[in-house]
Amino acid sequence: MFERFTKDARAVVMGAVEHAEGAGTGSVDAEHLLLALLDREASRASFALAALGLAERGDAVREALGEARRRAGLSQADAEALAGLGIDVSEIVARVEEVHGVGAMAGDRKDKGWWSGRRSFGRGAKEILEKALRIAVARRDRHVGDEHILLALTVRPGVPGEVLADHGVTYESVVRVLYGGGEAQAG
């Protein structure tokens, strides 16, 4: 599958691995792909994110991803659904962090060794990369670029898609910027 990835898409994957390593997590997940996309410059995805105003709000996106990680990866929609059942996720997080320290529910395993020198890809990251390939094929593109990874992040339910949507980055808005529809197009 990776032979169809452009240089920019491969850089996003490698950047995601670096973000996972920096966080001390055991696997690369969808949020790491989003963080790597935010780091990119001079690519189709970075053009789309800048055109949609996310370049200036990158810190807010990083903060929202960090808060979701503290909630054990629960999206805001998940937290609201649990609140409807009388479960206060923020109270649970506060109690767990009171006993075990800040970030205890994040699932980071900084003290554990690795079986190999490579990070594995979690289910979420694998689904994003597979969806990126499907989007590229559906658009009849001969490659998988970082723009396809961005589009895949916008359609998959979960924290990265929710955070992007909260900042005005949706599948439709990215398609409009990249492929036309009255706004500037990425070249």
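In this predicted model, Arg62 is partly exposed, with a relative accessible area of 30%. Its side chain meets that of Asp39 in a salt bridge, at 3.1 Å from N to O. This pair links distant parts of the chain. Asp39 sits in helix H2 (residues 30-39), Arg62 in helix H4 (residues 58-70), and 23 residues separate them. Asp39 counts as partly exposed, at 41% relative accessibility.

Arg62 also meets Asp59 in a salt bridge, here at 3.9 Å from N to O. Asp59 and Arg62 are three residues apart in helix H4, so about one helical turn separates them. Asp59 has a relative accessibility of 62% and therefore counts as exposed. Together, Asp39, Asp59 and Arg62 form a network of salt bridges.

The whole structure holds eight salt bridges. Another of them joins Glu127 and Arg156, whose closest N and O atoms are 2.7 Å apart. Glu127 belongs to helix H7 (residues 123-138) and Arg156 to the loop between H8 and H9, so the pair ties together parts 29 residues apart in sequence. Glu127 is partly exposed at 33% relative accessibility. Arg156 is partly exposed too, with a relative accessible area of 21%.

Helices H8 (residues 146-155) and H9 (residues 159-166) pack at an angle of about 95 degrees, and their axes lie 7 Å apart. H8 is therefore roughly perpendicular to H9. Leu150, Leu153 and Thr154 of H8 make the contact with Pro160, Gly161 and Leu164 of H9. Of these contact residues, four are nonpolar, two are polar and none is charged.

Definitions and conventions: Residues are numbered from 1 along each chain as its sequence is written. This is a predicted model: local features need pLDDT of at least 70, side-chain atom pairs count only at pLDDT 80 or more; totals for chains, interfaces and linings use all residues. Side-chain values use heavy atoms; hydrogens and water are left out. Axes are lines fitted to C-alpha atoms, for helices over the stretch in contact, and angles run from 0 to 180 degrees between N-to-C directions. Helices (H or I, at least four residues) and strands (E, at least two) are DSSP runs, numbered from the N terminus. Angles under 35 degrees count as roughly parallel, over 145 as roughly antiparallel, 65 to 115 as roughly perpendicular and the rest as oblique. Contact means heavy atoms within 4.5 Å. Ala, Val, Leu, Ile, Met, Phe, Trp, Tyr, Cys and Pro count as nonpolar, Asp, Glu, Lys and Arg as charged, and the others, Gly among them, as polar. A salt bridge is a side-chain nitrogen of Lys or Arg within 4 Å of a carboxyl oxygen of Asp or Glu. Buried means under 20% relative accessible area, exposed over 50%, partly exposed in between (1.4 Å probe, protein chains only).
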